Amino acid sequence: MDFKNLKTKNLEKGTLLLSPGQKCNYGYRVISGCLKSYVLDSSGKDHILQFAPEGWFISDLESFTKQTPSKIFIDAIENSEVQMIGKEVVPSFEELNHEWQVELGLKFRNNLIASNNRLISLLSGTAEEKYLEFTQTYPALVQRLPQKLIASYLGMTPEHLSYTRGKLAKKK
């Protein structure tokens with residue numbers, strides 16, 4: 001199986017791909033642009049779980065594999081082109097050829113490492129450590145994304161993010 005044979009889709013900024021309660025039928029491999037996954041709290045504030053720039057995969061893995069209702073939103077934060085990976089394409093990991101297993105295994109491993117590092121940072125890191133972790137995980141997004149989105153991902157206000165960036169700049 002080859003990534004070239006997957007269905008591609010062009011998305012306009014703001015296109016919603018998944019909402020809570022829907023079953024996730026696709027994983028998305030980002031060719032260009034950027035997607036995000038997030039949840040909304042009871043006051044309507046969004047909490048970004050993941051960004052997916054070029055070369056990254058994004059999905060609700062639990063909903064996709066178990067066909068349970070999703071708990072997250074996924075949408076395009078830039079005009080994007082994605083490859084759609086559905087169950088009909090990937091019935092099970094075991095049925096994939098070796099090239100696909102290696103590719104998907106590396107992507108999922110990298111996503112898991114990024115998620116674990118983020119969780120550690122959120123639970124025990126300072127604002128500066130959280131921001132530096134973000135810049136290491138998503139170097140291409142530091143200048144591309146609005147400060148509001150980065151702040152949401154880091155669990156801080158845009159004002160606090162600005163203050164944190166200022167502090168780091170003075171240390172250099």
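This note concerns helix 4 and helix 5 and the way they pack.

1. The model is a predicted one, in which local features need pLDDT of at least 70, side-chain atom pairs count only at pLDDT 80 or more, and totals for chains, interfaces and linings use all residues. Residues are numbered from 1 along each chain as its sequence is written, and side-chain values use heavy atoms, with hydrogens and water left out.

2. Helix 4 has 6 of its 8 residues buried, so it is largely enclosed by the rest of the structure; buried means under 20% relative accessible area, with a 1.4 Å probe and protein chains only, whereas exposed means over 50% and partly exposed in between. The buried residues are Leu149, Ile150, Ala151, Ser152, Tyr153 and Leu154, and the helix is followed by Gly155, whose phi is positive, near 75°.

3. In helix 5, Leu161, Thr164 and Leu168 are the buried residues, and, seen down the helix axis, they fall within an arc of 60° (taken from the directions from the axis to the C-beta atoms), so they line one face of the helix. The face turned away from that buried side carries the exposed residues Glu159, Tyr163, Ala169 and Lys170.

4. Helix 4 and helix 5 pack at an angle of about 90°, with their axes 8 Å apart, and are therefore roughly perpendicular to each other, a label given to angles of 65 to 115 degrees. The contact (heavy atoms within 4.5 Å) is made by Gln147, Lys148, Ile150, Ala151 and Leu154 of helix 4 and Pro158, Leu161, Ser162 and Arg165 of helix 5.

Key: Helix = DSSP H or I, 4+ residues; strand = E, 2+ residues; numbered from the N terminus. Axes fitted to C-alpha atoms, helices over the stretch in contact; angles between N-to-C directions. Parallel < 35°, antiparallel > 145°, perpendicular 65-115°, else oblique.
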